[in-house]
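Biologist: I have a model open on my screen and would like to learn how to read it. Could you walk me through a few features?

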Amino acid sequence: MKLTRWLYYLFLGISFFMGMYTGLRVYYIVFFILLFTVFAALALSRWTVYSFKYMQTLSAVVCEKGDEIILHLEIINECPIPLSLIQAHINGVSLRQDINLVFSLAPYSGQTFDISLGTPYRGSYPVGMTVLKITDALGLTVLPMDMRRLPYYRMAPLIVLPRAETPGTISSDIVDTKLFGDANIKPANQGDSVSGVRLFQNGDALKRIHWKKSAQQGALYVKQYDYPEREHITILVDTSPHGLSGEKALVYADTVCECAACIALNSLSRGRAVHMKNTSASNKPMVCNTLSKYNFLRRHLAMLPFEKQVELKPVISQTLARAQQMRSLFIITRSTVPELQTSLSTKFPVTFILVGEKQPSDHPHAIFVQEGTEAAKRLSGIH
């Protein structure tokens, strides 16, 4: 094809040069015929992009890391003109998986492809055709076309959840909120049962006003409730990229989120609530109280962006300042932060999960997890 293309354009140039040199009409006629053929081939290739119809669907739109996903792609030509030779690049999850399809369709025909896609890391990915290379039947032109620039084109969204396994052995003595004793019942602004009333204060919601009591006393009173204050852990995820890019950044983010998912699963299985924070939005924690909501937490981890570099020390200080009823704090990061490890003085344990390629020197209250390894095995000592 390439040799034919070069010979064609060489002959095109020679005919133009000979026409200019000799002035003979026959060379100009040959030149314009060849040039018209090129423009016709380009027009046909362009028409191919807008004329062929497709359907691409995934076997699942949400999966766990390591699952195999099938992309079902169907190409249909409903026109009386055959489509040009098309090479389509398929965008998947893994950067190492390079998928290219080559096909050409006769009039009123179709072709179906079932493509197996690997899911080596967590995240949210657009899956499907991206760049098309369209070659005409004579091989004279190659027209690249990015399908994502077309206003009507939509890729199939895929969410890959981080892998989740419980590290270590879970105790059979699971805490149930129904078994909470009176020591855990404290006054709250909302709850299931009314425990008493107090005088209205600025900032109290109007719906909490106890109208009967207020009418009797001649002053505004608000309701107070009882609720079981549940023990919880906090997981702080460092979403800074730390200078990583490409596949290294994807593997690092995947390992960090897998560590968070394993710790959360372990805590929820023990009857403890989980407060998930990240350095990009430390003021908006993700709260998960029961195992039934665990997949929402994993979806949250799958969507976390590892883009903005944030200093970790102020975020940890802020988390500690707001700590209430926290049983333990887990900080998952690539940085060692030795000054924080030596200065932390809290009533609850603080554990650093250090994710990196090389194991650092020994640090107190720190667990090293190598990128790309199974986090559950490394975190087996967590309780």
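Biologist: Let me start with Arg-96: is its place buried or exposed?

Modeller: This is a predicted model, and in it Arg-96 counts as exposed, at 69% relative accessibility. The cut-off for that word is over 50%.

Biologist: Which partner does the Arg-96 side chain meet in a salt bridge?

Modeller: Here is the general idea: side chains of opposite charge can pair when their charged atoms come close. In this case Arg-96 meets Glu-247, at 3.0 Å from N to O. Glu-247 lies in helix H4 and Arg-96 in the loop between S4 and strand S5 (99-103), so the pair ties together parts that are 151 residues apart in sequence. Glu-247 counts as partly exposed, with 23% relative accessibility.

Biologist: How many salt bridges does the structure hold?

Modeller: There are eight salt bridges. One of them joins Lys-53 and Glu-78, whose closest N and O atoms are 2.9 Å apart. Lys-53 belongs to strand S1 (residues 53-58) and Glu-78 to the loop between strand S3 (69-77) and strand S4 (85-91), so this pair links parts that are 25 residues apart in sequence. Lys-53 is partly exposed at 44%, and Glu-78 is partly exposed at 43%.

Biologist: And Asp-254 with Lys-65: are both buried or exposed?

Modeller: Both are buried. Their side chains form a salt bridge of 2.6 Å, N to O. Asp-254 sits in helix H4 (residues 246-269) and Lys-65 in the loop between strand S2 (62-64) and S3, so parts that are 189 residues apart in sequence are tied together.

Biologist: Which residues join Lys-65 and Asp-254 in one network?

Modeller: Arg-163 and Glu-258 do, through salt bridges that share partners.

Biologist: Now to helices. At what angle do H1 and H2 pack?

Modeller: H1 and helix H2 (residues 25-51) pack at about 145°, and their axes are 8 Å apart. The contact includes Tyr-8, Phe-11 and Phe-16 of H1, and Tyr-28, Phe-31 and Leu-35 of H2. The crossing of H1 past H2 is left-handed.

Biologist: Which surface patch does Phe-11 belong to?

Modeller: Phe-11, in helix H1 (residues 2-22), is partly exposed, with a relative accessible area of 46%. Together with Leu-3, Leu-7, Leu-10 and Ile-14, Phe-11 forms a nonpolar surface patch of about 520 Å² of accessible area.

Biologist: Last one: is Leu-354 buried or exposed?

Modeller: Leu-354 counts as buried, at 4% relative accessibility. Its place is in strand S17 (residues 350-356).

Note on methods
Residues numbered from 1 in each chain as written. Predicted model: local features only at pLDDT ≥ 70, side-chain atom pairs only at ≥ 80, totals over all residues. Heavy atoms only, no water. Patch = residues over 30% accessible without salt bridge, like charges linked within 9 Å, V, L, I, M, F, W, Y side chains within 5 Å. Areas by Shrake-Rupley, 256 points an atom, 1.4 Å probe, with all protein chains shown as cover. Salt bridge = Lys/Arg side-chain N within 4 Å of Asp/Glu carboxyl O. Helix = DSSP H or I, 4+ residues; strand = E, 2+ residues; numbered from the N terminus. Buried < 20%, exposed > 50% of the residue type's maximum accessible area, 1.4 Å probe, protein only. Axes fitted to C-alpha atoms, helices over the stretch in contact; angles between N-to-C directions. Left-handed = near helix turned anticlockwise from the far one by under 90°. Contact = heavy atoms within 4.5 Å.
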